[in-house]
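Here is a walk through a structure, taken one chain at a time and then across the contact of the chains. Please keep the sequence and the 3D view open while reading.

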Amino acid sequence: MKYYKYIRIILILIPIITLGCLVYKDISPKGILKVDYDFCKEDPFVSKFSPMGRVLEIEKNRGECSQEMVIDPVYFDVRLPQSFSKAKLRVWYRKNEEVLFKIGPRFNNNQWKWLLQDIEYTKEDNGWMMGTTEYDLAYIGLDNSRMRFLISSAGLDEMNEKIEFNRIEIEFIKEPLSKDNFLTRFKSLFRL
Amino acid sequence: MKKFIQKLVPDILYISLITYIVYFVLELLKEGLISNYFDLNLFLIWIMIFGVLTSILKAQKHI
């Protein structure tokens, strides 16, 4: 029992170290935050697609999950711990060639302005088409730590077409933490 | 060994409880700081398990 005080110290240190790790992750010192939503399980960063009706129920097939978009437009939110300057989006989907779609974040929370970008098909990956695009987030505002994205495919329902999504990955990028920007980053983190 | 467990289990409960409260308050102050990486509800289950174990051990002690 003489070692018990050391056990107690370890028990106290575990949550303190865990909290330190969580704060470190939240600060993203390397300036990179990758969020990945695969439709199988809920993601703390990426919300489900909405509204229902424009997107159908999530389907699970042989360990893969997907969701069909049938009416334009649909939305999803990304919860961010801080603002970022750039974003690289990768999306895995299936659609007919004639169907075009764009994805982009909202410029301003009070206005209907979106930074919509065409999704460029890059390659086929595991039976899914993979498309990418990039955003300059310099003028994109966060609403309650959330960035709202819109997926638009004009005339999707009139053409009686659909877009099936399998996965969305967004890599948010900003300048890495350094001596010069430490104070500004700290202030923005806690909205001081 | 029994004495060791009788000391350890309540300690885990109290430390977990304090940690839960601190994490919960931090989550309220800065949304996502904890919940983006860690499910606080699972932590609550952990606390409940150790709460039950502590009460069983305390009841045994009084018998």
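In chain B, helix α1(B) passes α2(B) in a left-handed crossing; a crossing is left-handed if the near helix is turned anticlockwise from the far one by less than a right angle, and right-handed if clockwise. This is a predicted model, in which local features need pLDDT of at least 70 and side-chain atom pairs count only at pLDDT 80 or more, while totals for chains, interfaces and linings use all residues. Residues are numbered from 1 along each chain as its sequence is written, and chains are lettered from A and ligands numbered from 1 in the order in which they are written.

Two packed helices are described by the angle between their axes and the distance between the axes. Helix α1 of chain B covers residues 2-29 and helix α2 of chain B residues 40-62; their axes come within 9 Å and cross at roughly 150 degrees. Axes are lines fitted to C-alpha atoms, for helices over the stretch in contact, and angles run from 0 to 180 degrees between N-to-C directions. α1(B) and α2(B) are therefore roughly antiparallel to each other (under 35 degrees counts as roughly parallel, over 145 as roughly antiparallel, 65 to 115 as roughly perpendicular and the rest as oblique).

Which residues make this contact? Among them are B:Leu13, B:Leu17 and B:Tyr20 of α1(B) and B:Phe43, B:Ile47 and B:Phe50 of α2(B). Two residues are in contact if their C-beta atoms, placed from the backbone, lie within 7 Å. By class, the contact of α1(B) with α2(B) has 16 nonpolar, four polar and two charged residues. Ala, Val, Leu, Ile, Met, Phe, Trp, Tyr, Cys and Pro count as nonpolar, Asp, Glu, Lys and Arg as charged, and the others, Gly among them, as polar.

Chain B has two helices and zero strands. Helices (H or I, at least four residues) and strands (E, at least two) are DSSP runs, numbered from the N terminus. The radius of gyration of chain B is 14 Å, well over the 11 Å that the globule rule gives for 63 residues, so chain B is more spread out than a compact globule. This radius is taken over C-alpha atoms, and the globule rule is 2.2 Å times the number of residues to the power 0.38. The C-alpha trace of chain B spans about 45 × 15 × 15 Å along its principal axes.

Chain A holds two helices and eleven strands. Its pattern along the sequence is α-β-β-β-β-β-β-β-β-β-β-β-α, and its C-alpha trace spans about 75 × 40 × 30 Å along the principal axes. Of its 192 residues, 22% count as buried. A residue is buried if 20 or more other C-beta atoms lie within 10 Å of its own, exposed if 12 or fewer, and partly exposed in between; C-beta atoms are placed from the backbone. A:Ile14, in helix α1 of chain A, is partly exposed because 14 other C-beta atoms lie within 10 Å.

How do the chains meet? The contact takes 15 residues from chain A and 15 residues from chain B. On the side of chain A, α1(A) gives the most, with eight residues. The axes of α1(A) and α1(B) are 10 Å apart at an angle of about 25 degrees, and the two helices are therefore roughly parallel. Their crossing is right-handed. Here A:Tyr4, A:Arg8, A:Leu11, A:Ile12 and A:Pro15 meet B:Lys7, B:Asp11, B:Ile12, B:Ile15 and B:Thr19.
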